[in-house]
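Have the sequence and the 3D view open as you read.

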Amino acid sequence: QSVGYVGAGTVEFIIDGARPLSLDNFWFLEMNTRLQVEHPVTEMITGIDLVAWQIKVAMGAPIPLAQADIKMHGHAIEARICAEDPAQDFRPGAGLIEYFDMDPHTQSESISWQGENLRWESGFETGDRVPAQYDSMISKLVVQGDNREQARNRLAEALARTQLVGIPGNIGFLYRCLVSDAFKDAAHHVNWIADEGAAVTDPSPDIQKACLQAIVDRQLNMPKPDTVWTCQDGWRLNGPPRRSLSLASGEEVSYLIRDETRMSIETDTDGPLVYRLGDRRYAVTLKGESYTIHIPDYDAEAEALAGGDQITAPLPGKLISLNAAPGQSVRKGEVIAVIEAMKMEHSLSAPRDGVIETLCAEAGAQIGEAELIAQLVPE
């Protein structure tokens, strides 16, 4: 009233939690002349659409309800999902989102998808590219329960079922905070994360091992071919059957896993979530931590090394046709260009599967020997 402000706003106070609330133990901190990022928490426990109220008040309409008419129900918690790496001092991470979604099994008895006790509000989805020019928050996950403990459990379950692949994310960090004893007992404080350090910021190595094991189980338990020539059941003449699988995860990290070196992890959530990203590539998530796991194709890699990633002219001539465009996927052996030389047409094929990154010549141009025509990159 003293400044004549009319509109939605958020007034913040700091409270001495060691004493009962009274006139002498809370102090004004600041006022933001807008709704806060956390306004869904208020909306979920009051059933009020604050954004609609904000628009109505801006149009000159009165506030729809008196303070005494506003009733609160239960407890709500919001998690900010950010493109950042907690293990690297919360360093922001821009880039392409390969997959971002919540497992459909979240529609369980405890959580209703986009219902009364769960809200998923996201500014990004699978296939979007997170830019480096803005705040790192890409989504909000809000849950409501009858009390704090129920809300805490529901939020932990929802986070454990959320997969974010392609960019660094803080979902696993949020999950570890929620299930920690300090948060359960409401004993956390503003310096708690710094005090805990790697216990909350860094995922356990066992999480990655369990995600790798999920791909091992998936691959080794696939239906077996019918013929003895293609069956890979690990049969050996002078010993027990033994199978192995090579996996790669992260930067220059590879694993050779055999049947007899099984990995397991005790978890209070369902098993790892597996999403197929493409041929021999999977996204695996456990307790909010997502890993991209690749099954190396050594034959294809050897062919790529032999064939290279470039399509060059084997002799000078006229480039009479180009059958590809930048960004186009091509397969090994597919004709990319045709050169006319000495009254003959010479077809140039893709040396490997991949994507055309750049074209360095145009149809109709004269091409010199060994001149670069197209550059490939892996798909």
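Does Gln-375 count as buried or exposed, and at what relative accessibility? Gln-375 counts as buried because its relative accessibility is 16%, where buried means under 20% relative accessible area, exposed over 50% and partly exposed in between (1.4 Å probe, protein chains only).

Before we go on, this is a predicted model: local features need pLDDT of at least 70, side-chain atom pairs count only at pLDDT 80 or more, and totals for chains, interfaces and linings use all residues. Residues are numbered from 1 along each chain as its sequence is written, and side-chain values use heavy atoms, with hydrogens and water left out.

Gln-375 lies in strand 24. Its side chain makes a polar contact with the side chain of Gln-310 at 3.1 Å; such a contact is a pair of N or O atoms within 3.5 Å, one able to donate a hydrogen and the other to accept it, and residues adjacent in sequence count only if both atoms are side-chain atoms. Leaving aside neighbours within four places in sequence, Gln-375 is in contact (heavy atoms within 4.5 Å) with residues including Asp-309, Val-355 and Thr-358.

Strands are DSSP runs of E, at least two residues, numbered from the N terminus, and two of them pair if DSSP finds at least two bridges between them. Strands 19 and 22 pair over two bridges, and Val-330 stands opposite Gly-354 in strand 22.

Technical notes:
Helix = DSSP H or I, 4+ residues; strand = E, 2+ residues; numbered from the N terminus.
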